[in-house]
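Biologist: Before we discuss any details, may I see the sequence and the model side by side?

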Amino acid sequence: MQSKNGPFTALTGASSTDGADKIDFKPDANTVGYLHNHLDTYDKVKANGDIEPVEPIKIFSPYDVKMFVILILNANRYGIPISDTYGTMVSSSAIYQLRFTGNINNVSMKANNINWTILDIPYKKIMKNSNSLEEGFLKFLNEQIGISGIELYKIDSSGNSKRSLNNNGKVTTTNCN
């Protein structure tokens, strides 16, 4: 987690009762962003001793989006420039960042009407039925979150690029260099 004054505070794994892997993230009035990773496939030992393979999705989760929305709302509430807020996810396949360029008033209205506790089910379905992680995530943002102005960026050695969906539901890339 990054403070508006620059320093980072380490995020730690949260205990989970539902078997999901999550970070313990408690943004405050000074938090402008977060950076975390999504692991490669690994094995988890269940309570009965059986081994269960875990296959993390290597792009933002619904919880990650919720935390980003909280950062946007906090930035507005505490006088932090919204353009300073970000969420970053690092995996072995890509680095992605969320930014916001929309109308903050729309965020407040929409965020209060989202049932954040049930989003994992439609998220997994959308991701499974999409041609790529980016396409699935962007469809999830549009269909389930519905807050215009949340933007997805991919960061790599050749530069940054914005990812969005065209009118046909396909991912388009706009270079930011």
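**Reading the fold**

Biologist: Are Tyr123 and Phe140 buried or exposed?

Modeller: This is a predicted model, in which local features need pLDDT of at least 70 and side-chain atom pairs count only at pLDDT 80 or more, while totals for chains, interfaces and linings use all residues. Residues are numbered from 1 along each chain as its sequence is written, and side-chain values use heavy atoms, leaving out hydrogens and water. A residue counts as buried under 20% relative accessible area, as exposed over 50% and as partly exposed in between, with a 1.4 Å probe and protein chains only. By that rule, Tyr123 and Phe140 are both buried.

Biologist: How many helices and strands are in the protein chain?

Modeller: Both kinds of element are DSSP runs numbered from the N terminus: helices are H or I with at least four residues, and strands are E with at least two. Counted in this way, the protein chain has 4 helices and 11 strands.

Biologist: What percentage of the contacts with a separation of 6 or more joins residues 24 or more positions apart?

Modeller: A contact means heavy atoms within 4.5 Å. In the protein chain, 39% of the 177 residues are buried. Among the contacts with a separation of 6 or more, the share between residues 24 or more positions apart is 57%.

Biologist: Why are the buried residues of α3 said to lie on the same side of the helix?

Modeller: The buried residues of α3 are Tyr123, Ile126 and Met127. The face turned away from them carries the exposed residues Ile121, Lys124, Lys125 and Lys128, and the cover over the buried ones includes α1 and α4.

Biologist: Which elements do the buried residues of α4 pack against?

Modeller: The buried residues of α4 include Phe137, Phe140, Leu141 and Ile145. Just after this helix, Gly146 takes a positive phi of about 70°. The elements that the buried residues of α4 pack against are α1, β8, α3, β9, β10 (159-165) and β11 (171-175).

Biologist: What kind of aromatic pair do Phe60 and Phe137 form?

Modeller: Rings of Phe, Tyr and Trp (its six-membered ring) pair if their centres lie within 6.5 Å; planes under 30 degrees apart count as stacked, over 60 as edge-to-face and the rest as tilted. This rule gives 2 aromatic pairs. For Phe60 and Phe137, the centres are 5.8 Å apart and the planes stand at 40°, so the pair is tilted.

Biologist: How many residues apart in sequence are the parts that this pair ties together?

Modeller: Phe60 is buried, with a relative accessible area of 0%, and Phe137 is buried at 0% as well. Phe60 lies in the loop between β6 (51-54) and α1, and Phe137 lies in helix α4, so the parts tied together are separated by 77 residues.

Biologist: What kind of pair do Tyr123 and Phe140 form?

Modeller: Tyr123 belongs to helix α3 and Phe140 to helix α4, 17 residues apart. Their ring centres are 5.1 Å apart and their planes stand at 80°, so the pair is edge-to-face.

Biologist: Which residue takes a positive phi in the hairpin of β5 and β6?

Modeller: Strand β5 (residues 42-45) and β6 pair in the antiparallel sense over 4 bridges, with Ile51 in β6 as the bridge partner of Val45. The hairpin has 5 residues between its strands, and the one with a positive phi, near 95°, is Gly49.

Terms used. Pairing = 2+ DSSP bridges.
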